[in-house]
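Please take a moment with the sequence and the model below, and then follow the paragraphs from the strands and helices to the contacts between side chains.

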Amino acid sequence: MVISVLTDNMPGTRTEAEHGLSYLIEFEGKKLLFDTGQSNLFLKNAEIMSVDTTNIDMIILSHGHFDHGDGLPYLSGGKLLCHPECFVKRYRKVDHTYIGLINTQDELEEKFELITSSAPFYISEKIVFLGEIPRLTDFESKHTSFIFEDGSPDFVMDDSAVAMILDRGLFIITGCGHAGIVNTLEHARIVTETKKLYGIMGGFHLKAADRQTEETIRYLKESGITYVYPSHCTDEPALSLFYKSFPSIPVKTGDIFNF
Ligand SMILES: [Fe+2]
């Protein structure tokens, strides 16, 4: 499996960064674009990295936030897979600024073959979009800084992830981890009926060295997972706890990982 980091928050030596996420995943003969960042930066970086973004089998949108889906206006054609609630109008609670997608569902349906699923969706035998992730732990997804148009809390229930079933175990790619990393991994284990975890990469939505971060690290350690790559919306000092706990390196644009 090859993961090319087209957009993330940290720049590489030749590639720029933005607050956003876009990874190209190549596995089992499939080419998947997981998120698009918030601009056309993912395409600019792909060119610098000599990564071919044509002939993509599926575009997967992790959830309906601008920093994951506002690169979509720079693409057209092909299949787009996401949770059906990605298109809702949503805002930051603190200042009521818009944080949803720039495109409406109608606009995206005109350009793409849109597939929405809140249930797990198998892209191939060994690649599954996890659909809506049950929020079961008592330390994740308990607070939200987002609201809907009517002011009610938005817990980003459309937040999903993709699981690759490798011989060595599950490898999970997350967008922002709003559902909680432990909830996401537990759901992936149940959906795929695979207990062994091999790796995780993407946004963990962990901000502080608090109970949630500590419980997440404890869970990952106990699972015996090999690779842990927190990126995008994982802030200091949560990040530094991960770097102390796992032999992971910062994820930067321009990185190409082979697993
Ligand atoms: Fe994000």
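Helices (H or I, at least four residues) and strands (E, at least two) are DSSP runs, numbered from the N terminus. The model is a predicted one, in which local features need pLDDT of at least 70 and side-chain atom pairs count only at pLDDT 80 or more, while totals for chains, interfaces and linings use all residues. Residues are numbered from 1 along each chain as its sequence is written, and side-chain values use heavy atoms, with hydrogens and water left out.

Arg189 and Glu186 both lie in helix H4, three residues apart, which is about one turn of the helix, and they form a salt bridge whose closest N and O atoms are 3.0 Å apart. A salt bridge here is a side-chain nitrogen of Lys or Arg within 4 Å of a carboxyl oxygen of Asp or Glu. Arg189 is buried, with a relative accessible area of 15%, whereas Glu186 is partly exposed at 31%; buried means under 20% relative accessible area, exposed over 50%, and partly exposed in between (1.4 Å probe, protein chains only).

The side chains of Glu222 and Arg218 meet in another salt bridge, at 3.2 Å from N to O, and Glu222 counts as exposed at 61% relative accessibility. Salt bridges that share partners join Asp138, Arg211, Glu215, Arg218 and Glu222 into one network.

Turning to the strands, five of the six residues of strand S1 (residues 2–7) are buried, so S1 is largely enclosed by the rest of the structure. Two strands pair if DSSP finds at least two bridges between them; S1 pairs in the antiparallel sense with strand S15 (residues 256–258) over three bridges, and with strand S2 (residues 22–27), also antiparallel, over five bridges.

How many disulfides does a search of the whole structure find? The search finds zero, where a disulfide is a pair of cysteine sulfur atoms within 2.5 Å. The sulfur of Cys233 is 3.4 Å from the closest cysteine sulfur, in Cys176, which is too far for a bond.
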